[in-house]
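Okay, thanks for making time, everyone.

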Amino acid sequence: MIRKTAAVWAGKATGALSRISGRGGGTTLPGDIARAIDPRILTKLSQDLTHGSIVITGTNGKTTTARMVTWLLEGAGHKVVSNRAGANLIFGATAAALNKAGPDGRLRADWGVFEIDEASLPKAVEEIKPKATLVLNLFRDQLDRYGELESIAKKIESALSALPSEQSTAILNADDPRVAEIGLGLTKAPLWYGLDDTSVAARELPHAADARTCPKCGASLNFEAVYVGHDGVYECPNHDFKRPTPSITASNIELDGFDSFSADIDKTRVEVPLGGLYNTYNVLAAFAAARTLGLEPAYIAERLKNFRAAFGRQERLEFRGRHLNLVLSKNPAGFNETVRTAVELAKGTCFVIGLNDRKADGTDVSWIWDVDFEHLKDKAKVVVPAGNRAHDMAVRLKYAEVPAQPPETDPGSALDSLIRATNEGDTAHLLCTYTAMLDLRAELVRRGWAKPYWET
């Protein structure tokens, strides 16, 4: 107990110093310090939780989905601890738990809601021992760090298999072939969720789709419907593998740009102020998780009407008379969906496309050639390539035959370029990789147009 308390105090002091000095929000380093003092600190704090934890992983949508689950639990009167700033390595989850612990070293909360990086999941489930684990999707992302999808899928399957089946539930996306492969290998049947509305689906996979083949025989999967990336309704032509039948579905989907969508989920009409088909998946996943944790459909639908997006995930900001929509876009599947939503549904014409190559983004940016920037051709009036790889983005846009402003590697210069090229009242969509989004947001904070992300 003394070691645990010392670790909590050291972590909390580190977080306070980080925020006071302005060097950060104390979202990761406190976890580093505390774990150096007590390597089992996250396990010990997790054991303090009244009801337990839920862990959320996957390539895209973790922060938004985790925020929704937290929002739903808090609205039902529960005290929740979560790594809401998006620090999703094991150190970030630890820092979040430390932040809510009391001076006696105890964590007094009902639930823990932790978004966890895919590669960190085995360590996280070992330490947290969640009541439920939600796997959203698996798309190609940061190959220099994660490796191929099959490698990540095996790590996730191994982590889920190690959990005691009588005490933990896996909640999986049936529409993702690689996630389905994980679930079919588990001893206890998971709770499957998926979309059920072919009116919003394509009929062919995009050229950059990742999961195209049967994991059993290697044959090319036949897709009856394609929703997002390789997520859809599929079956092996040799009948070795097919999409599991989802227990919870979203149907009668209506999309309204980046503003909102509505759908029927579990016999309940749900309306959420988030846009894009990809957010339909996030809401459906959060709904499935909330039902697993005992919340009622009518309450979930009512509570989600007032949900607010996380920082950088369809975050709306005002800047010198312009309406900014800041949207994290960090891999081919995600970028294709945000471009499609911006152009086809939101009728967007003004853009900043931010590309960085730092560790959190992935150092190999060749994936931008798998993003269909051609959708911007003849539709975008203003496009500003930004980020420390702005010149690479400018080349990609040139090959897509999309006229663009000169590339700007400095975030302040990128925003100034946007202002010069647009008029008051215009809406601009800032589609950015992770650290490019943070850089632009930090510049807006510096100029007084936004709050630090850890305060949102």
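**Salt bridges and the domain contact**

Let's start with Asp-266, which counts as partly exposed because its relative accessibility is 30%. Keep in mind that this is a predicted model. Asp-266 makes a salt bridge with Arg-291, and the closest N and O atoms there are 3.0 Å apart. The two partners come from distant parts of the chain: Asp-266 is in the loop between β10 (260–265) and β11 (268–272), Arg-291 is in helix α10, and 25 residues separate them. Arg-291 is partly exposed too, at a relative accessible area of 28%.

Why would such residues pair up at all? Side chains of opposite charge can do that when their charged atoms come close.

How many salt bridges are there by this rule? The count comes to 27. Let me show you a couple of others. Arg-389 and Asp-357 meet through their side chains at 2.7 Å, N to O. Arg-389 sits in the loop between β15 and α13, and Asp-357 in the loop between β14 (350–354) and β15, so this pair ties together parts that are 32 residues apart in sequence. Both ends are partly exposed, Arg-389 at 22% relative accessibility and Asp-357 at 21%.

Then there's Arg-396 with Glu-374, where the closest N and O atoms are 3.0 Å apart. Here helix α13 supplies Arg-396 and the loop between β14 and β15 supplies Glu-374, so parts that are 22 residues apart in sequence get tied together. Buried or exposed, what is Arg-396? Buried, because its relative accessibility is 3%, while Glu-374 is partly exposed at 37%. And some salt bridges share partners: Asp-416, Glu-443, Arg-446 and Arg-447 are joined into one network that way.

Okay, zooming out to the domains. The chain is split into domain 1 (2–304) and domain 2 (314–455), with 27 residues of domain 1 and 30 residues of domain 2 taking part in the contact. Their C-alpha centres lie 26 Å apart. Between them they bury about 2200 Å², and 51% of that is on carbon and sulfur atoms.

What about polar pairs across that contact? There are eight residue pairs in polar contact between domain 1 and domain 2. On the domain 1 side, β7 (222–228) and α10 (277–292) are the elements giving two or more residues, and α10 gives the most, with three. By class, that side has 10 nonpolar, 12 polar and five charged residues. The two domains also have two salt bridges between them.

Now two buried spots. Asn-137 is in the loop between β4 (132–135) and α7 (143–146), and it counts as buried because its relative accessibility is 7%. A polar atom of the Asn-137 side chain lies 2.9 Å from the backbone nitrogen of Asn-60. Other residues that Asn-137 touches include Asn-173, Asp-176 and Asp-231.

Val-383, in strand β15 (residues 382–386), is buried with a relative accessible area of 0%. Among the residues Val-383 touches are Phe-351, Ile-353, Leu-397 and Val-402.

Lys-129 has a phi near 50°, positive in a residue other than glycine. Lys-129 is in the loop between α6 (121–128) and β4, and is exposed at 57% relative accessibility. Glu-401 also has a positive phi, near 60°, and is found in the loop between α13 (390–399) and α14 (411–421).

How values were computed:
Residues numbered from 1 in each chain as written. Predicted model: local features only at pLDDT ≥ 70, side-chain atom pairs only at ≥ 80, totals over all residues. Heavy atoms only, no water. Domains from an automatic or database assignment. Contact = heavy atoms within 4.5 Å. Buried area = accessible area lost by both parts, 1.4 Å probe. Salt bridge = Lys/Arg side-chain N within 4 Å of Asp/Glu carboxyl O. Polar contact = N/O pair within 3.5 Å; in protein donor to acceptor, adjacent residues only side chain to side chain. Helix = DSSP H or I, 4+ residues; strand = E, 2+ residues; numbered from the N terminus. Nonpolar A, V, L, I, M, F, W, Y, C, P; charged D, E, K, R; others polar. Buried < 20%, exposed > 50% of the residue type's maximum accessible area, 1.4 Å probe, protein only. Lists of a residue's contacts leave out its neighbours within four places in sequence.
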